[in-house]
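Subject: Structure handover

Hello,

I am passing on the structure we talked about, together with notes on what turned up in it. Please look through the model first and then read on.

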Amino acid sequence: MNPKKLAFYFWMLLITGGITAYFLFPDEINIFFLEELSEEYHYIALSIYFLLLSVRGLTMIPSTPLLLAGVLIFDPMELFAVNMAGILSSSIIVYYFSKYLGFDSYFETKYGKYVRKIRNSITDKELPVIVGWSFFPLVPTDLIVYIGSSLRIPVIKCLVGVFLGESVLNAFYIISTTLILKL
């Protein structure tokens with residue numbers, strides 16, 4: 001079986017199983033359950049959170065929903081560190097495996113206009129473009145990582161740019177959400 005189809009079916013199974021479990025056991029699956037579970041199995045919960053963030057890039061799902069869920073469960077500093085580590089590991093996966101996983105055709109088809117525009121404007125100012133792109137919340141960071149990979153921008157430069165842009169954005173999300181929840 002095609003690995004892409006297998007990954008898609010596995011992802012659909014996880015989503016369907018999660019939704020079904022929520023409807024069958026609404027009293028057990030709630031935020032208090034997650035808080036208790038993360039307190040009892042703290043490092044396991046952090047590891048699962050990190051793994052979800054790491055493979056998230058393969059699914060093109062934004063990291064923001066996971067971050068907002070993490071705010072409800074984890075300490076803000078700990079969440080920031082694990083979230084950034086997960087985003088960077090996801091970026092490494094996208095950088096090295098984008099062509100194999102078919103991201104080249106996906107991005108060229110879905111975001112072709114942006115890909116061409118970025119490729120034309122990125123020359124000699126890779127780092128500022130990657131930082132700005134990673135900071136802007138309405139565009140997928142995985143797209144700039146893919147373009148960086150396709151243009152053979154060094155992986156370290158891509159990761160530094162993603163880290164600088166995403167760290168500011170993530171810090172803002174964590175601080176503002178934490179403050180709102182305390183109201």
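The protein chain has an accessible surface of about 11400 Å², and 72% of that belongs to carbon and sulfur atoms. Accessible areas come from the Shrake-Rupley method with a 1.4 Å probe, and for residues only the protein chains shown count as cover. This is a predicted model, in which local features need pLDDT of at least 70 and side-chain atom pairs count only at pLDDT 80 or more, while totals for chains, interfaces and linings use all residues. Residues are numbered from 1 along each chain as its sequence is written, and side-chain values use heavy atoms, with hydrogens and water left out.

Overall make-up

The protein chain contains ten helices and zero strands. Helices (H or I, at least four residues) and strands (E, at least two) are DSSP runs, numbered from the N terminus. Of the 183 residues of the chain, 34% count as buried; buried means under 20% relative accessible area, exposed over 50%, and partly exposed in between (1.4 Å probe, protein chains only). Among contacts in the chain with a separation of 6 or more, 78% are between residues 24 or more positions apart, where contact means heavy atoms within 4.5 Å.

Nonpolar cores

The largest nonpolar core has 23 residues, and Phe 107, Leu 143 and Ile 144 touch the most other members. A nonpolar core is a set of buried Ala, Val, Leu, Ile, Met, Phe, Trp, Tyr and Cys residues joined through side-chain atoms within 4.5 Å. At least two residues of this core come from each of helix H5 (76-97), helix H6 (103-110), helix H7 (112-121), helix H8 (126-135), helix H9 (141-150) and H10. H9 supplies the largest share of this core, five residues. Leaving aside its neighbours within four places in sequence, Ile 144 is in contact with Ile 118, Ile 122, Val 129, Ile 130, Trp 133 and Ser 134. There is also a second, separate core of twelve residues, including Leu 46, Leu 79, Val 82 and Ile 174.

Salt bridges

Searching the whole structure gives two salt bridges, a salt bridge being a side-chain nitrogen of Lys or Arg within 4 Å of a carboxyl oxygen of Asp or Glu. One joins Arg 56 and Asp 142, with the closest N and O atoms 3.3 Å apart. This pair links distant parts of the chain, since Arg 56 is in helix H3 (residues 42-59) and Asp 142 in helix H9, 86 residues apart. Arg 56 is buried, with a relative accessible area of 8%, and Asp 142 is buried at 4%. Leaving aside its neighbours within four places in sequence, Asp 142 is in contact with Arg 56, Gly 57, Met 60, Ser 90, Val 94 and Phe 107. The C-alpha atoms of Asp 142 and Ile 61 are separated by 9.6 Å, although these residues are 81 apart along the chain.

Lys 157 forms a salt bridge with Glu 126, and here the closest N and O atoms are 3.2 Å apart. This pair too links distant parts of the chain: Lys 157 is in helix H10 and Glu 126 in helix H8, 31 residues apart. Lys 157 counts as partly exposed at 32% relative accessibility, and Glu 126 is partly exposed with a relative accessible area of 21%.

A buried charge without a partner

Glu 166 lies in helix H10 (residues 155-182). Glu 166 is buried yet has no salt bridge, and the nearest side chain of opposite charge, Arg 56, is 6.8 Å away. Lys and Arg count as positive and Asp and Glu as negative; His and the chain ends are not counted. With its neighbours within four places in sequence left aside, Glu 166 is in contact with Ser 63, Met 84, Ile 87, Ser 134 and Thr 141.

Aromatic pairs and a loop residue

The whole structure holds three aromatic pairs. Among them, Tyr 95 and Tyr 96 form an edge-to-face pair, 5.0 Å centre to centre with 80° between the planes. Rings of Phe, Tyr and Trp (its six-membered ring) pair if their centres lie within 6.5 Å; planes under 30 degrees apart count as stacked, over 60 as edge-to-face and the rest as tilted. Tyr 95 counts as buried at 11% relative accessibility, whereas Tyr 96 counts as exposed at 52%.

Arg 152 lies in the loop between H9 and H10. Its phi is near 60°, a positive value in a residue other than glycine. Most residues other than glycine have a negative phi. Arg 152 is exposed, with a relative accessible area of 68%.

Regards
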